[in-house]
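The plan is to look up a few things and jot down what I find.

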Amino acid sequence: MGKKKELEARIDRLKAKVRALKGKLGDGAAAAAPATKAKNPVSPLAPAAFPALPVIEGVAFSATAAGVRYAGRTDVMLARIAPGATIAGVFTTSATRAACVLDCQAKLAGTVDEAAGAAIIVNSGNANAFTGAAGQASVDAVTTAVADALGLPAHRVFSSSTGVIGEPLPHERIVEAVSKLVTALDAEGMEAAARAIMTTDTFPKGASAEIAAEGGAIHIAGIAKGSGMIAPNMATMLVYIFTDAKISAKLLQKMLSRQVDDTFNAITVDSDTSTSDALILAATGKSPAAEITDLRSKAAKDFEAALRSVMMDLAHQVVRDGEGATKFVEVRVSGAETVADAHKVAMAVANSPLVKTALAGEDANWGRVVAAVGKSGAKADRDRLRISFGDMVLAENGARVPDYSEEAASAYMKGQELVIGVDLGLGDAAKSVFTCDLTHRYIDINADYRS
């Protein structure tokens, strides 16, 4: 009888071990499969709708759900660019750049065969950053799959990744999706591509412009992603702009590089620069307009102004989609001795947690602006400083203005779009940067970003 009970006990222990093993296997399978996650509510600063973007002849787009991180979420986009296209780019200067950024920089710096065409493939959900040698192996696997499917040399396939840092990219899921992406390519698919590159974004971002030029019209259209980890130092986030202009890669790069500082380098959401920031600009040369060959020509100036407007529009949309944002704010600095000083002051104010939380609370606490100016490292003089909210001057000559009205200042702070003015009174240099407020929603989004 005792032996029987002992045998039964052993059987029970074995059954318990089997159940435990099954549980572990189940957990492992669940971890391997894409998770699901609810989308964030749309920003109150979002545009009413995605804009109607023009078709850029020579470019086609597609998007699909590959399950890179979340099940059922469109997370990979492909852009095929026609032979003859010229390409320019700007990328993060972060010392911890992602593998895809390093790969793009190397390809643009190398020998270019423009007659071969090109492609851009982007995934969201995983940044493929700080992943060691495996990161480049993933880039190679993805870009080679695209190159083979489209008949392109691998050095003309550019990739980007955005999402969680430090986790190996499940590139086999993207590779598996390539054939579907190629089959679905559509000249009118830019909006779907914009949605595929979103992470914590609450709306897809697009902008366009058209220029009447000699011989015909030139079109520009672009998409972007970005919501948090926005404090660029080159471009910011992920941005892809396409035009049908005829222009060399050298001139295209020069225009792009000199328009970055006042657009994507003039925004900040949270003072954190991403490992994956990239801006790629492609010109297909399919417009009937004459080729742009001289930066001093009217055609070049008109094109660069239109390019700037698209870049500025996309940059502003990123701020409007800042994580948890309820206010769109321009920090307008004037009277600085140098542009560098104006930029320092503007960024010090725009990045100040105290200023940003006051904006969120609609508190007209201009003293926090004064403090931010003082810590900026730029040359400033207390007795020449002037602070304004909108058209209202609140403080100057080292003190609050005599007719200061707390009620009027507080009423101004209730608006969704605000201007903070800082005049240093020391020179003629000026700079504007764009930011948003800092709400508790920002903490909610980032406290469980990986879960």
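My entries follow, going from the whole chain to single contacts.

**Entry 1: ground rules.** I'm working with a predicted model, where local features need pLDDT of at least 70, side-chain atom pairs count only at pLDDT 80 or more, and totals for chains, interfaces and linings use all residues. Residues are numbered from 1 along each chain as its sequence is written, and side-chain values use heavy atoms, with hydrogens and water left out.

**Entry 2: the whole chain.** I looked up the helices and strands and found twelve helices and 15 strands. Both are DSSP runs, numbered from the N terminus: helices are H or I with at least four residues, strands are E with at least two. Next I checked burial, and 51% of the 451 residues are buried. Buried means under 20% relative accessible area, exposed means over 50%, and partly exposed is in between, with a 1.4 Å probe and protein chains only. Then I looked at contacts (heavy atoms within 4.5 Å). Among those between residues at least 6 apart in sequence, 83% join residues at least 24 apart.

**Entry 3: a five-stranded sheet.** In what order do the strands of the open sheet of five lie? I read off β3-β9-β8-β7-β6, with mixed pairing. Two strands pair if DSSP finds at least two bridges between them. At the edges I found β3 (86-91) and β6 (205-213), each pairing on one side only. The twist averages 10° from one strand to the next. For angles like those below, axes are lines fitted to C-alpha atoms, for helices over the stretch in contact, and the angles run from 0 to 180 degrees between N-to-C directions.

I zoomed in on β6 and its partner β7 (residues 216-225): they run antiparallel and are joined by nine bridges. One pair I marked is A209, which stands opposite I220 in β7.

Two helices pack on this sheet in my notes. Helix α2 (residues 99-109) touches β3 and β9 (278-283), and its direction makes about 135° with that of β3. Helix α7 (residues 298-320) touches β6, β7, β8 (238-243) and β9, and its direction makes about 165° with that of β6.

**Entry 4: α2 against α3.** Why two values per helix pair? Two packed helices are described by the angle between their axes and the distance between the axes. For α2 and α3 (residues 133-150), the axes come within 8 Å and cross at roughly 60°. The two are therefore oblique to each other. On that scale, under 35 degrees is roughly parallel, over 145 roughly antiparallel, 65 to 115 roughly perpendicular, and the rest oblique.

I listed who meets whom: A99, C100, D103 and K107 in α2 meet G135, Q136, V139, D140 and T143 in α3. These residues divide into three nonpolar, three polar and three charged. Ala, Val, Leu, Ile, Met, Phe, Trp, Tyr, Cys and Pro count as nonpolar, Asp, Glu, Lys and Arg as charged, and the others, Gly among them, as polar.

**Entry 5: I121 and its strand.** Is I121 buried or exposed? I found it buried, with a relative accessible area of 3%. I121 is in strand β4 (residues 118-126), where nine of nine residues are buried. Its contacts, not counting residues up to four places away in sequence, include V76, L78, V146, F158 and I174.

β4 has partners too. Strand β2 (residues 76-81) runs antiparallel to β4 over six bridges, and V76 has N123 as its bridge partner. Strand β5 (residues 157-164) pairs with β4 in the parallel sense over eight bridges, with A119 opposite V157.

**Entry 6: further along the chain.** In strand β10 (residues 328-336), I noted seven of nine residues as buried. β10 runs parallel to β14 (residues 417-423) over seven bridges, and V333 has V422 as its partner there. β10 also runs antiparallel to β15 (residues 429-436), again with seven bridges; here V329 partners T435.

Last, I checked α8 (residues 339-351) and α10 (residues 367-375), whose axes come within 8 Å and cross at roughly 135°. Their crossing is right-handed. The contact is made by V345, A348 and V349 of α8 and V369, A372, V373 and K375 of α10. By class I noted six nonpolar, no polar and one charged.

Notes:
A crossing is left-handed if the near helix is turned anticlockwise from the far one by less than a right angle, and right-handed if clockwise.
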